Structure formats: C-alpha cells, structure tokens
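User: Could you walk me through this one? I'd like to start with the packing inside.

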Amino acid sequence: MDRLERLINLVAALLDAERPLTSDELHQRLPGYAEDRNAFRRAFERDKDVLREMGVPLVLEPVDPSQPGAEGYRIPKDEYYLQDPGLDPDELAALHLAASAVQLEGAGGVEALWKLGGWVSEEGPPPAMAALPGAAHLGPAFAAISRRQPVTFTYRGEERRVDPWRLAFRSGHWYLLGRDHGRDDERNFRLDRLDSDVVVDDNAAPFDPPEATSAPTVPWQMGDEQPVSARLLVDADHAGYAIGQVGNDAVEARRDDGSVVLAVTVTNRSAFRSFVLGFLDHAEVLDPPELREDVISWLEQLCGA
C-alpha cells in the first residue's frame, strides 16, 4: 500500500470515528502500517505531520473522562468540510478569473475551485497575470485566522501571543496583522522575520475580530518593483467605479465630460495592467511614458500583434 492510500484511510477513519481513536486503535484498524510498534510510531508521526501541513484539522483529545490520561485523535467534521457558500455561476466564474490571474507560490487556487463546484477547462488556467511569493508560515497563520484562534511565535527574540486578524502582502513580503496580547494593541509582523514556527492554540476559545482594521493594500502595490507614479484617465461611465477602487485622494482632475484622471503609485506592473484591462477601452494610461508603453506592448502580445 502506498503512502497516499494510507493517508486517505487515516483521514476516513478519523472522520467517521464516533470518539477519539488512540494510536493503538489506529494501528489495529488501519492497513498499510508495519506491525512493529516502533516502525508504526515513526510512520504515524510522519503521517500526522503531513496531514497538518495540508491543513487537515487533526486534534488530540481525551478518549473518555473515566480514563484519565488516555488521549486519541479525531478530525472535527465542522472544521474539515467546506460549507457550501451558495455561489451563483457568475460568482464562481469571478473566482475562477481571480485564481487564474494571481498565482501564489506553493498554492493551487484554481484547484480549490473544485471544492466549490467551479468548472476548470481541460486546457487549464491561462498564464497568471501577477505572481505572489509564498511564505513558510502562511498555512498556519491562515488556519488560525479562519478559526479565530490565537497564535504564539517568537519575533525579534521575544515570544508573542497574537489574535490574528488578516494577512497582507506589501513590497514583496507577507505580513500578519493582529492584536498583540502583550501590548494590547494592533501590530504587524513580517512573516519571514519570525524566529520560530507559528503555533495555533487549538484549546483557546475563538476571539471576536474587530469590526474594522486598517485598509488592505491594493493589488498594484502588492509587489517590490521600483515605485512608479501612474496617471490613468477613466471615462465618465466608469469613473465612479474607478474612484471606489483607488479612493478619492487619488483623483487628480475631474474633466468637464465627467471623466477623471487618477494618480496611483504602482509597485506591481502586472497587477496594474490587469486593473487597466478591466476597463477595456474606457481607460488610458497617460503617464509615465514607459508605463504606457509597457501596457501597450502587453496588449499587443495578448492580441498576437
């Protein structure tokens, strides 16, 4: 039996169990493990690590209150199964476009659509328009945010306990935003500067996230390229939507015909091109000349010109 089949059997057993199963019970019930106790223990520890790295919520709990010290494993169904969000076909299509347009290193966004019922063409997704690097601590941090449970890690030589609110990508790096318990205040932590693993407190009660946090970074600033001050002309019919995306502070001029000139800082040209393309022929990059030429060349390549 190969390892994949063994992992599938392990997940199925832990999902169907009416109570937590001890390692001895799993050894007896599951095929694929060596009969030798020590060999089983080594393989079982590796399998647990693999499942947790995949995001499977494997928990260790008391087997029976009448048996102090006896602990077993289970996978809570409410944490494992994805609830149907009831997305319409056009909403699934929008998710498909977003997953295809942005590629996250080490993650398969398009494949995740299968769990939502999204259709992916046999040819696969188109080439990503913007690519974001991954980070070693993204998985545990995202899991903690989803479950609203505190995390602990060492940062700048000090152990921190944090209620994680959200993740953000700025200037080529991932950041975790949350409430630092020790300082009782909002803090940002750059993930690649953590001195330890992110440990989720599975026993803590879920915290209540704040009603509002600082605004997330816009896509065209989610990169580490040399900053460019761009000026974008948007037609009157699309001006309201464009202002809603960039904010009123970005409005440089309002013309008599209702069109607007927007001034934005760009550190991710791929994402900016995608933003401009969304307006089709209702937007025009005015400045700087090199950015305008970059967008024109990109469009010509898409059209095969």
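User: Which residues of the largest nonpolar core touch the most other members?

Analyst: Val 234, Leu 262, Val 264 and Phe 272 do, in a core of 23 residues; such a core is a set of buried (under 20% relative accessible area, 1.4 Å probe, protein chains only) Ala, Val, Leu, Ile, Met, Phe, Trp, Tyr and Cys residues joined through side-chain atoms within 4.5 Å. This is a predicted model, in which local features need pLDDT of at least 70 and side-chain atom pairs count only at pLDDT 80 or more, whereas totals for chains, interfaces and linings use all residues. Residues are numbered from 1 along each chain as its sequence is written, and side-chain values use heavy atoms, with hydrogens and water left out.

User: And what does Phe 272 touch?

Analyst: Leaving aside residues up to four places away in sequence, Phe 272 touches Trp 220, Ala 230, Val 264, Val 266, Val 285 and Leu 291, where contact means heavy atoms within 4.5 Å.

User: Switching to helices, how do α1 and α3 cross?

Analyst: The axes (lines fitted to C-alpha atoms over the stretch in contact, with angles from 0 to 180 degrees between N-to-C directions) of α1, residues 3-16, and α3, residues 37-53, come within 11 Å and cross at roughly 75 degrees. The two helices (DSSP runs of H or I, at least four residues, numbered from the N terminus) are therefore roughly perpendicular, a label for angles of 65 to 115 degrees.

User: Which residues of α1 make that contact?

Analyst: Arg 3, Arg 6, Leu 7, Leu 10 and Val 11 of α1 do, facing a set in α3 that includes Phe 44 and Asp 47.

Notes. Buried < 20%, exposed > 50% of the residue type's maximum accessible area, 1.4 Å probe, protein only. Parallel < 35°, antiparallel > 145°, perpendicular 65-115°, else oblique.
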